[in-house]
Amino acid sequence: MLEDTIAAIATPLGEGGLAVIRISGAQTFEIADRCFAPAGAAATKLSEAPTHTLHFGHVQRNGQTLDEAIAAVMRAPRTFTREHVVEITCHGGLLTSKLVLDAVLASGARLAEPGEFSRRAFLNGRIDLAQAEAVLDLIQSRTELALRAANEQLAGKLSQRIYRLRDQMIETLAHIEAHIDFPEEDIAPDTRGQLLARLRSGHAFIGELLRTANEGQILRRGMRAAIIGRPNAGKSSLLNQLLGHDRAIVSAIPGTTRDTIEETANIRGLPVIFIDTAGLDEARDEIEAEGIRRSRQSLQQAEFILHVFDASQALTETDEKYLAEFTGKKRILVLNKIDLPEAGNLPVNDFPAQNTNPTAASSSTGAIPSSLIRAGDRQGKQPAPPVARVSCLTGEGIESLKDAIKNLVWSGEIKAEMLEVMINSRHQDALSRAAAATSRTIDALVDGLTLELAALDLRIAVNAIGEIVGQTTTEDLLDRIFSQFCIGK
Ligand SMILES: Nc1nc2c(ncn2[C@@H]2O[C@H](COP(=O)(O)OP(=O)(O)O)[C@@H](O)[C@H]2O)c(=O)[nH]1
Ligand SMILES: [Mg+2]
């Protein structure tokens with residue numbers, strides 16, 4: 001057990017029905033006895049209470065009652081931190097929870113740092129580092145799919161694979177090192193072949209894990225999508241449709257949206273942050289100029305674009321200009337206002353009714369009006385972007401647009417096995433280093449270089465893999481990870 005006993009409010013700050021003050025450490029029960037007076041005839045002191053029991057009583061300080069509360073007694077090691085834990089559930093006012101915490105601190109606890117409970121859970125061996133990160137992912141999940149991925153990681157699905165990989169690498173390393181110790185016995189060709197086969201399969205497995213990074217990133221951070229198009233095309237209406245509620249002001253007056261609006265929507269399980277942009281050029285005043293500057297900025301950060309057209313109007317110069325300007329970006333062309341009669345010169349008749357499949361759109365050029373292809377693909381290098389036909393007035397076509405968005409950002413099927421191992425950027429960094437070092441080991445063996453060199457690189461790979469679960473770690477790394485947590489977690 002670590003020396004001091006820590007405490008913090010574990011519930012969010014603000015007014016609520018209840019608040020929980022968490023205490024963890026060797027002195028937990030002495031501290032709890034000082035500030036918690038159990039009530040009722042059969043009352044027992046918390047220090048004498050059996051583990052995993054609840055107790056009604058009063059939180060007191062200097063003989064004064066602060067609040068009625070329930071205390072949960074959990075004895076080490078069957079607790080989140082593997083230390084003695086008491087959780088006091090009191091009334092959820094801002095002041096009550098603070099007074100209860102103050103009473104606990106005055107009784108001898110120290111205020112916990114952000115993530116310190118989870119850090120102790122890690123240091124005491126209850127969870128590994130990847131699992132600790134999953135706790136954070138879990139709290140920050142914005143869609144059920146992201147939550148499921150976090151739960152799998154918390155259950156240790158990624159960790160198990162990492163431990164297995166690391167064990168295999170260590171075994172290979174031991175083989176190589178044994179030959180270093182007895183240089184007179186050269187590695188037999190078939191042994192060398194076996195070592196190489198194992199290294200190659202390890203390298204391939206690292207590659208598989210690395211391929212989940214993109215999806216992992218999307219689930220954790222979400223994708224940013226900028227909604228662009230000329231004034232009155234229906235950008236704000238589209239944002240409202242995708243969110244399922246009215247967020248942006250919609251009006252027939254061009255230039256209504258003067259600032260960028262950002263909102264997260266759940267698109268087929270993926271968190272997508274939609275950005276409704278103000279115009280992209282032609283400022284009429286100072287406010288609009290600032291709006292345009294912000295739109296341009298959010299465009300740069302966006303991973304993809306929804307380019308909205310008014311299908312009831314002829315293609316304008318602005319439409320053409322944006323088509324040409326954003327050829328390099330992933331995008332979907334959204335033909336809006338299909339509830340109105342279609343425009344004359346916009347060859348919308350070429351569009352199939354619901355063409356939202358990107359592969360179909362890019363393979364059959366007949367699906368895209370030639371003017372859009374020409375404008376959107378002047379060099380003829382980019383595949384034609386997918387097209388979605390919608391009405392933001394009636395909601396028609398919005399569900400197909402959501403499918404098109406998912407297909408655009410999500411490379412493959414969302415398989416259940418993949419959810420178990422969606423790596424984060426820290427894992428990605430460690431695995432990339434491990435992959436490079438493993439390749440060097442393979443090269444050294446193939447080229448017949450000295451075994452010392454092969455062993456050196458393989459050790460680097462083993463250490464990098466160990467970082468993921470925290471078997472090789474530094475204070476710095478732990479600080480970096482746990483400081484992202486909130487206090488009380
Ligand atoms: N008929 C019809 N009108 C629409 C549709 N989408 C938007 N509008 C109208 O077009 C005008 C401009 O819409 P808005 O979303 O503010 O466009 P923005 O300037 O691109 O943000 C408003 O009067 C909307 O009611 C649609 O699908 N059909
Ligand atoms: Mg608008």
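1. Let me start with helix H11 (residues 317–325), which lies across S8, strand S11 (304–310) and strand S12 (330–336). The helix runs at about 160 degrees to S11 (contact means heavy atoms within 4.5 Å; axes are lines fitted to C-alpha atoms, for helices over the stretch in contact, with angles from 0 to 180 degrees between N-to-C directions). Helices (H or I, at least four residues) and strands (E, at least two) are DSSP runs, numbered from the N terminus.

2. A word on the basis: this is a predicted model, in which local features need pLDDT of at least 70 and side-chain atom pairs count only at pLDDT 80 or more, while totals for chains, interfaces and linings use all residues. Residues are numbered from 1 along each chain as its sequence is written, chains are lettered from A and ligands numbered from 1 in the order in which they are written, and side-chain values use heavy atoms, leaving out hydrogens and water.

3. Six strands form an open sheet in the order S9-S10-S8-S11-S12-S13, with mixed pairing (strands pair if DSSP finds at least two bridges between them). At its edges are strand S9 (261–267) and strand S13 (387–389), each pairing on one side only. From one strand to the next, the twist averages 25 degrees.

4. Do S8 and S10 pair in the parallel or antiparallel sense? Strand S8 (residues 223–229) and strand S10 (residues 270–276) are parallel, over five bridges. You can pick out Ala 226, whose bridge partner in S10 is Ile 275. Helix H8 (residues 213–221) lies across S8 and S10, and runs at about 65 degrees to S10.

5. S10 also pairs with S9: these two run antiparallel and are joined by seven bridges. Ala 265 stands opposite Val 272 in S10. The S9 and S10 hairpin has two residues between the strands, and Arg 268 takes a positive phi near 50 degrees there.

6. The structure holds one cavity of 30 Å³ or more, and the largest cavity has about 40 Å³ of space (on a 1 Å grid over the protein atoms alone, a cavity is a set of points where a 1.4 Å probe fits but cannot get out, and lining residues have an atom within 4 Å of a point; volume is the space filled by probe spheres set on the points, which are joined across faces, edges and corners). Its lining comprises Leu 165, Gln 168, Met 169, Thr 172, Arg 198, Leu 199 and Gly 202. Helix H6 (157–181) and helix H7 (189–210) are the elements giving two or more residues to this lining, and H6 gives the most, with four.

Conventions:
1 Å grid on protein atoms, 1.4 Å probe; cavity = no way out; pocket = protein on both sides within 12 Å on 5 of 7 lines; lining within 4 Å.
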